[in-house]
Amino acid sequence: MNERDHLAEQFEQARPHLRAVAYRMLGSANEADDAVQEAWFRLTGSDTDAIENLRGWLTTVVGRVCLDLLRARREEPSGDALPEPIVVEVEGDPEHEALMAESVGLALLVVLETLTPAERLAFVLHDMFAVPFGEIAAILGRSPDSARQLASRARRRVRGATPAAETDLARQREVVDAFLAASRAGDFERLVAVLDPEVEFRVDIGPPSERFAAGAKAVAERVLARGSRFAAFGRFAIVDGGPGVLVAPPGRRAFAVVGFTVVEGRIAAIRVTANPAKLATLGVSPSD
């Protein structure tokens, strides 16, 4: 094996980690892949003999690439309201499949979108991937204390904005199944009963805006008016590490992905991705 092949092998071993970092930074599967590929280009153009910790070096490079992309996004807003979902179709034991899914929920991803690029980088790298503040500071061009303050500020915002979702996937699935059953039956009262009184409902259909509703009755009315006829085509899936539904008629690819946040036995948030550009990245198979 020559030196370049060995380097490529090491990079491929690090790829899942790098993609996880980039996805949490960017909320876009396509952009995450681009950021990882850019890291490879930079690696092949560098003096690899001087790199002591390849995984750490690559993580830093991906962080810098993502930071630049986030800053550019702020200058030219895309209008995208929700991140691209990561979907794992459930076959067999849902708890086993959950371990294979990305362990980040939609609620957290949405909150991350509200942080500044510097806050997001500091929080993601330190709190999710245990990158030391000294390395984060080097990426940001700030002091370690400043990087620590950014992560702390981001942490407070995240904790204040994300509900304490249930972690028992089997229980969450029961709640989602009850939601689907009520939707299919057109049963308003049963639907309201499974929704948190302060539930939020968002639909991403593409730029320039999203659709939004809040409150159990308003959300139930929206679901029954617009989505009830599609409920029959829904099948359970893991969406960004939590309970979700793929909506796909027989023989067709999914035309919507629904992510749920379940808190204390009720649905606290529903986020529907129906943006064709985002759905095109999923790669899920048509239903039978």
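**Entry 1: the whole chain**

I started with the secondary structure, and the chain has 12 helices and 7 strands. Both kinds are DSSP runs numbered from the N terminus, with helices (H or I) needing at least four residues and strands (E) at least two. I noted that this is a predicted model, where local features need pLDDT of at least 70, side-chain atom pairs count only at pLDDT 80 or more, and totals for chains, interfaces and linings use all residues. Residues are numbered from 1 along each chain as its sequence is written, and side-chain values use heavy atoms, with hydrogens and water left out.

Next I looked up burial: 48% of the 288 residues of the chain count as buried. Buried means under 20% relative accessible area, exposed means over 50%, and partly exposed is in between (1.4 Å probe, protein chains only). The accessible surface of the chain is about 13,900 Å², and 49% of that belongs to carbon and sulfur atoms. Those areas come from the Shrake-Rupley method with a 1.4 Å probe, and for residues only the protein chains shown count as cover.

I also checked contacts (heavy atoms within 4.5 Å). Among those between residues at least 6 apart in sequence, 65% join residues at least 24 apart.

On to charges. Side chains of opposite charge can pair when their charged atoms come close. I used the salt bridge rule, a side-chain nitrogen of Lys or Arg within 4 Å of a carboxyl oxygen of Asp or Glu, and the count is 11 salt bridges.

One of them joins the side chains of Glu38 and Arg42, at 3.0 Å from N to O. Both residues sit in helix H2 (residues 29-44), 4 residues apart, about one turn of the helix. I found Glu38 partly exposed at 29% relative accessibility, and Arg42 is partly exposed too, at 34%.

Which residues do salt bridges join with Glu119 into one network? I took the two bridges in turn.

Arg153 and Glu119 meet through their side chains at 2.7 Å, N to O. Arg153 is in helix H8 (residues 144-161) and Glu119 is in helix H6 (residues 117-128), so this pair ties together parts 34 residues apart in sequence. Arg153 is partly exposed at 36%, whereas Glu119 is buried at 4%.

Glu119 also makes a salt bridge with Arg157, at 3.0 Å from N to O. Arg157 is in H8 and Glu119 in H6, so here the parts tied together are 38 residues apart in sequence. I noted Arg157 as partly exposed, at 35% relative accessibility. Shared partners put Glu119, Arg153 and Arg157 into one network.

**Entry 2: H6 against H7**

I stayed with H6 and asked how it packs. Two packed helices are described by the angle between their axes and the distance between the axes. For H6 and helix H7 (residues 133-140), the angle is about 150 degrees and the axes are 10 Å apart. The axes are lines fitted to C-alpha atoms over the stretch in contact, and angles run from 0 to 180 degrees between N-to-C directions. H6 and H7 are therefore roughly antiparallel, a label for angles over 145 degrees. The contact is made by Ala118, Leu121, Ala122, Leu125 and His126 of H6 with Phe133, Ile136, Ile139 and Leu140 of H7.

**Entry 3: a loop residue**

Is Arg229 buried or exposed? It is exposed, with a relative accessible area of 57%. I found Arg229 in the loop between helix H11 (216-227) and strand S4 (234-239). Its C-alpha atom is 8.9 Å from that of Gly186, although the two residues are 43 apart along the chain.

How values were computed. Angles under 35 degrees count as roughly parallel, over 145 as roughly antiparallel, 65 to 115 as roughly perpendicular and the rest as oblique.
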